[in-house]
Amino acid sequence: MDSTDDHVRTLPGDDVEAATENTVARLERLPFGRVHLRVATLLGTGTFFDAFDSLVIASVLTVVITSFGVGFGSAGLLISSAYIGQFVGAIVFGALAERYGRRAAFIFSLGSFGLLSLAAALSWNFESLLVFRVLQGVGLGAEVPIAGALFNEFVRGRARGRVVMLYESIFSWGILLAPLIGLLFFTLFGQDLGWRLLFGFGALPLLVAIVAWFRLPESPRWLAERGRAAEAEALLAEMEADARRRGNELPAPEVTPPVTPRPTRFGELFSTAYRSRTILSWVTWFCGYFILYGFSTWLPTLYVRLGGLPTGNALALTAVASAIYLIEIYAFAFTVDRVGRKPWFVAGFAVSVLGAAVGAIAIALGAVAWPVLFVAGLLMGLGISPVTAGLYLYTPELYPTRMRAWATSTGSSLNRVASAIGPILVGLLLGAGLGLTSVFITFGVVAVVGLAVMAAMGIETKQRVLEELAP
């Protein structure tokens, strides 16, 4: 037995405060192990399909427009429909995750959006597809923020940025592979059948949800704060035994910031202690995802309709840009614990402003549409990708365990609002004949707002224990 075992208390069922502090101390000494890997694999698979199912509409939109005979305005509504459902899902499941646990909320959200993806594959007209995408969005909106809160609560502070962002990079793989899988399906099955099979592929999370029911553990921090000491103790013992089997010498648990578990009060987001953090979080979520989804979901269609490219070329360009963003996400992951979160976010918004300015000026000067779309879109994407990915690391760090899933979900609900408004607004601007210049100006203004708020109100959280950041 490890020599430091004398320093480890078992979790007393009648002393929630002591149990919680003991849980935090023991988690903070644990290296990444088999339990972490199991949690990351299950959450990561769900997160991959969340990204895929959210963005698959960008790959099928051109075909759906033709098949169902809809215009730019209706197409914008179809893009945004899933985000309307995601707003509801983020709010509802965020509250349920605090009351009933992160595990149950994750599994239910995963299964529901997989089932609705299958329904979307069987849609018979524009209206039915619209309804299925709204309902699918409920599960999509819940999965990523709940998974982010859960994984943050497993990982020790000094490596949290790197480990969590390596996990979050799986979302970027979903973004990258969505157009490539779309291109593959269209090549193999043709466009009429291919778009339906793409939605069918997006139903695989149903199987992952079944596996997660048996294999995904609950957050030990959440268990301890809810007085479920025996369950937290069993999970910690498993993680510690695994660490020792792999030859790790576990140090004595260090003193952690005192924790006084309190019940979840959903209005605490707006209390004196957390009001400014909530403003920071909500504005950053809104601005980041307005730019990301407002532009990226339209980009393949704009390449075709305004740039004159074939569908295959449009999807290939989208995939090239996504691959570049993925490389950047890994650079972010390996430097964020050293450089910090705030410098990355400020620089990201600044690059997005630059990309929007390049696009607006180039189009105003009469440049060819598709090269401008690619270059300006690439710059905006390079700027905003670390911001949008990093928010699933950053937001859970700003709040305590009693409200971490709720705060992350409500923050991400602003992501859904922005993701719904952005595509609709782009469709309206183009439908009104205002052209791409107006689109780039809009995204530039939003990026300036995000830059100003992060620069003025951003909090640095690198290498700090969660309970130290948010008591």
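A cavity is a set of points on a 1 Å grid over the protein atoms alone where a 1.4 Å probe fits but cannot get out, and its lining residues have an atom within 4 Å of a point. Welcome to a predicted model, in which local features need pLDDT of at least 70, side-chain atom pairs count only at pLDDT 80 or more, and totals for chains, interfaces and linings use all residues. Residues are numbered from 1 along each chain as its sequence is written, and side-chain values use heavy atoms, leaving out hydrogens and water.

**The second largest cavity**
- Pro31, Gly33, Arg34, Val35, His36, Met239, Asp242, Ala243 and Arg246 line the second largest cavity.

**The largest cavity**
- The lining of the largest cavity has 32 residues, and Ile175, Leu292, Ser296, Ser322 and Tyr325 lie nearest its centre.
- Helix α14 gives the most to this lining, with ten residues.
- By class, the lining of the largest cavity has 23 nonpolar, nine polar and no charged residues.

**A look at Ser385**
- Ser385 sits in helix α14 (residues 369-397).
- Beyond its neighbours within four places in sequence, Ser385 is in contact (heavy atoms within 4.5 Å) with Tyr325, Glu328 and Ile329.

How values were computed
Helices (H or I, at least four residues) and strands (E, at least two) are DSSP runs, numbered from the N terminus. On a 1 Å grid over the protein atoms alone, a cavity is a set of points where a 1.4 Å probe fits but cannot get out, and a pocket is an open set with protein on both sides within 12 Å along at least five of seven lines; lining residues have an atom within 4 Å of a point. Ala, Val, Leu, Ile, Met, Phe, Trp, Tyr, Cys and Pro count as nonpolar, Asp, Glu, Lys and Arg as charged, and the others, Gly among them, as polar.
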